[in-house]
Amino acid sequence: MMMNKQWRLLASFFCLSLLCPLQAAPATTPVPASAAPQQTVLAGLKPFNAKYQVLRSGKVHGSAERYLKPWGQGFELGYKSSISWLIFKDERHERSRFVLKDGRLQPTFYQLKRWGTGSGRHYELNLDWATQQLLTGKEKTAKIIEWDKQWLDQLSYHSQLVLELAAGKTEFSFDVLTRHGDPRSYQYKVTGEELLSLPAGKIKTIRVERVGKDLDKQVVAWVAPELDYLLVKLWQAEDKVEQFDVQLQSYQFN
């Protein structure tokens, strides 16, 4: 029973991708006309790489990395982590590919691979917007479900949140597909501004919290408007007991 409880806490502790908005701002380096993308670069869609420390109760238990890069006519948003806690180890790579259409993101591919203590995991979603078909898993099994034009995946909704935050919104609602392709509704709201002292230095931030009734987890994220809304801190708790605290260590805009 104790081992099961520890593993349940570990799974929550390692779920670092629950909310990590991304960054942005127009590129300042001129791009040759022949290579220029046929879309406007909005806040939240400037390529970057950011590294983080992962803490619990003030102690470092691992590291994480988030990135955004061009992919075809759109972008790939990714997350990697390597964490140890007690006798457990966890490594994972999560990524989402999406395009920008009419100011909104359309995800086309989502994948999560996890390995370490316990059995490995592989989750995958493929979305065909032309045929309105959702395929799940490595086997790409067609899921019988009513199509929703507002769908986002577990990563792309973070970038959509930043697009809306940069546009001046303070409350957000998203229709998000789980790793198994089941729809869920997520709500967040801006709850204040703070000056944080982090491994990367002192940074002015906006605090965004998950809201709603009967939440299974409490999630708070801090993003930095002066750094193109880059995520600089993420805190999560279960039943108000801290599971992890992710803090920005370094960053680079590409």
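Two strands pair when DSSP finds at least two bridges between them. The exercises below apply this to a predicted model.

**Exercise 1. Strand β1 and its partners**

Determine which strands pair with β1, in what sense, and over how many bridges.

Solution. 
Step 1. Take β1, residues 48-56, together with β15, residues 241-253: they pair in the antiparallel sense over eight bridges.
Step 2. Turn to β2, residues 59-71, which pairs with β1 in the antiparallel sense over nine bridges. Here Q53 has S63 as its bridge partner in β2.
Step 3. Examine the connection. Two residues lie between β1 and β2, which form a hairpin, and S57 in the turn has a positive phi of about 55 degrees.

**Exercise 2. The largest nonpolar core**

State how many residues the largest nonpolar core has, and which have the most contacts inside it.

Solution. 
Step 1. The core has 56 residues, and those with the most contacts inside it are L45, Y52, L127, F174, Y188 and V232.
Step 2. Its largest share, six residues, comes from strand β13, residues 218-224.
Step 3. Consider Y52. Beyond four places away in sequence, Y52 touches G62, S63, A64, R66, L230, L231, V232, V246, Q247, L248 and Q249.

**Exercise 3. Aromatic pairs and charges over rings**

Count the aromatic pairs, and classify the pairs W147 with W151 and Y157 with F174.

Solution. 
Step 1. The count comes to eight aromatic pairs.
Step 2. For W147 and W151, the centres are 4.9 Å apart and the planes 65 degrees apart; this pair is edge-to-face, since planes over 60 degrees apart count as such. Both W147 and W151 are buried.
Step 3. For Y157 and F174, the values are 5.7 Å centre to centre and 50 degrees between the planes, and the pair is tilted. Y157 lies in helix α2 (residues 156-166) and F174 in strand β10 (residues 171-177), so the pair ties together parts that are 17 residues apart in sequence.
Step 4. Check burial: Y157 is buried at 0% relative accessibility, and F174 is buried at 1%.
Step 5. The charged end of R97 sits over the ring of W71, 3.6 Å from its centre, and that of K233 sits over the ring of W222, 5.3 Å from its centre.

**Exercise 4. Helix α2**

Explain why α2 is described as largely enclosed by the rest of the structure.

Solution. 
Step 1. Identify the buried residues of α2: S156, Y157, H158, S159, Q160, L161, V162, L163, E164 and L165.
Step 2. Relate these to the helix length. Ten of the eleven residues of α2 are buried, and the helix is therefore largely enclosed by the rest of the structure.
Step 3. Follow the chain onward: just after α2, G168 takes a positive phi of about 100 degrees.

Note on methods: Residues numbered from 1 in each chain as written. Predicted model: local features only at pLDDT ≥ 70, side-chain atom pairs only at ≥ 80, totals over all residues. Heavy atoms only, no water. Helix = DSSP H or I, 4+ residues; strand = E, 2+ residues; numbered from the N terminus. Core = buried A, V, L, I, M, F, W, Y, C linked by side-chain atoms within 4.5 Å. Buried < 20%, exposed > 50% of the residue type's maximum accessible area, 1.4 Å probe, protein only. Contact = heavy atoms within 4.5 Å. Phe/Tyr/Trp six-rings, centres within 6.5 Å; stacked < 30°, edge-to-face > 60°. Lys NZ or Arg CZ within 6 Å of the ring centre and 35° of its normal.
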